[in-house]
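Please look at the sequence and the structure shown here, and keep both in view while reading.

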Amino acid sequence: MSEKCKNKIHCFLRPATVADIRELRRLFQDTVLTVNAKGYTPEEVKDWASCGDSTAHWEDLLSRFHFLVALNAGKQIVGFASVNGEGYLHSMFIHKDWQRKGIASALLSEMESYAGGRGTGEIISEVSITARPFFERQGYTVRKEQRARANRLELTNFVMTKKIAEMNYTTLRKRLSGRLHEDDIHEITFYAQGIEDEPVKSALYTLLFDEDKRIAENAAWVFAHFDLHSNQWLYPRHNELIDEAMRTPSGTKRRLLLGLLLRQPFTENGFRTDFFDFCLRCIVASDEPTAVRCLSVKLACEQCKFSPELLSELRTTLEMLEPESLSAGMKTARRNTLKSISGLIKAR
């Protein structure tokens with residue numbers, strides 16, 4: 001479940017399930033009969049709302065579309081949206097009492113991310129009179145006005161489109177081959193952090209091991225900007241990241257990989273002697289960048305917190321360092337970690 005809408009309220013997005021159909025039907029029909037009544041006649045909205053009567057219709061939508069619901073803090077569904085891999089945005093409805101709270105923008109971002117991650121370069125949707133201003137603010141343009149059948153009646157709506165950046169292995173590799181700016185990183189993470197974003201994440205992860213030094217470093221740099229929830233995708237790849245951190249000749253990439261590892265849990269059963277020894281070597285290596293040495297101090301402590309013997313070994317290593325020869329960052333890391341070690345040993 002991903003957290004969105006942080007600019008206005010806290011809401012959570014997750015895939016819709018068959019168990020949601022009753023609540024989805026109620027939200028859809030209530031929204032059409034109230035919010036959409038501003039642009040349509042009573043007869044038109046009544047006919048439109050009747051499209052949600054069939055449970056089989058909802059089951060079909062859930063099976064054919066990438067369908068997300070937005071939940072408020074009370075786990076009530078306050079919005080939903082659906083799109084397919086070709087970029088057809090089938091629906092997006094927000095509860096009448098939860099309009100203008102950032103929910104529609106959050107859902108639309110996820111829809112665009114999903115489609116863009118599957119190689120779609122354009123989103124297309126049939127947009128109601130009521131929703132047209134919102135979509136225009138989001139960068140959509142009207143291709144044509146039309147009359148489309150709801151249930152029995154034909155209603156006016158607009159075919160609207162928006163060009164989106166296609167994000168696949170080829171385009172991603174090309175983007176990473178050049179200098180990345182902050183806006184580039186934000187765009188790539190936008191496409192890689194959706195709920196069903198496996199293709200983009202997988203492509204990015206593959207490029208983390210690319211032979212081109214800049215591409216691999218940039219891939220690591222993008223992963224370093226993942227939010228905590230999306231960072232969990234890397235947990236099963238824990239040992240692969242350790243291997244690469246120890247193997248890479250790039251100081252920049254090593255620093256970034258160590259930073260990623262520091263965001264992951266370390267377990268007693270998963271202890272790796274080779275990585276612990278690697279961290280100890282980095283700690284005492286004066287030619288290593290300060291950031292790598294500081295991260296190695298913290299990672300070593302994370303690894304040995306289950307073992308008093310290893311904690312003592314790390315403490316001895318840190319005490320052997322001469323403070324006057326250390327950078328300000330290393331002095332702080334050394335001091336704080338020695339305090340942590342003392343606390344961990346006393347707790348045992």
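Leu68 has Ala81, in strand E4, as its bridge partner, and this bridge belongs to an antiparallel pairing in which strand E3 and strand E4 (residues 77–83) are joined over 6 bridges, where two strands count as paired if DSSP finds at least two bridges between them. Helices (H or I, at least four residues) and strands (E, at least two) are DSSP runs, numbered from the N terminus. The model is a predicted one, in which local features need pLDDT of at least 70 and side-chain atom pairs count only at pLDDT 80 or more, while totals for chains, interfaces and linings use all residues. Residues are numbered from 1 along each chain as its sequence is written, and side-chain values use heavy atoms, with hydrogens and water left out.

Between E3 and E4, which form a hairpin, lie 5 residues, and Lys75 in the turn has a positive phi of about 65 degrees. E3 also pairs with strand E2 (residues 11–15), in the antiparallel sense and over 4 bridges; here Arg14 has Val69 of E3 as its bridge partner. Strand E3 (residues 66–71) is mostly covered, since 6 of its 6 residues are buried, a term that stands for under 20% relative accessible area, with exposed meaning over 50% and partly exposed in between (1.4 Å probe, protein chains only). Both faces of E3 are covered, with His66, Leu68 and Ala70 buried on one side and Phe67, Val69 and Leu71 buried on the other.

Turning to the helices, the axes of H9 (residues 213–223) and H12 (residues 251–262) come within 9 Å and cross at roughly 25 degrees. That makes H9 roughly parallel to H12, because angles under 35 degrees count as roughly parallel, over 145 as roughly antiparallel, 65 to 115 as roughly perpendicular and the rest as oblique. Axes are lines fitted to C-alpha atoms, for helices over the stretch in contact, and angles run from 0 to 180 degrees between N-to-C directions. On the H9 side, Ala216, Glu217, Ala220, Trp221 and Phe223 meet Thr252, Lys253, Leu256 and Leu260 of H12, contact meaning heavy atoms within 4.5 Å.

Leu208 is found in the loop between helix H8 (198–207) and H9. Is this residue, Leu208, buried or exposed? Leu208 is buried, with a relative accessible area of 0%, and, leaving aside neighbours within four places in sequence, Leu208 is in contact with Ala216, Ala219, Ala220, Leu241, Lys253 and Leu257.
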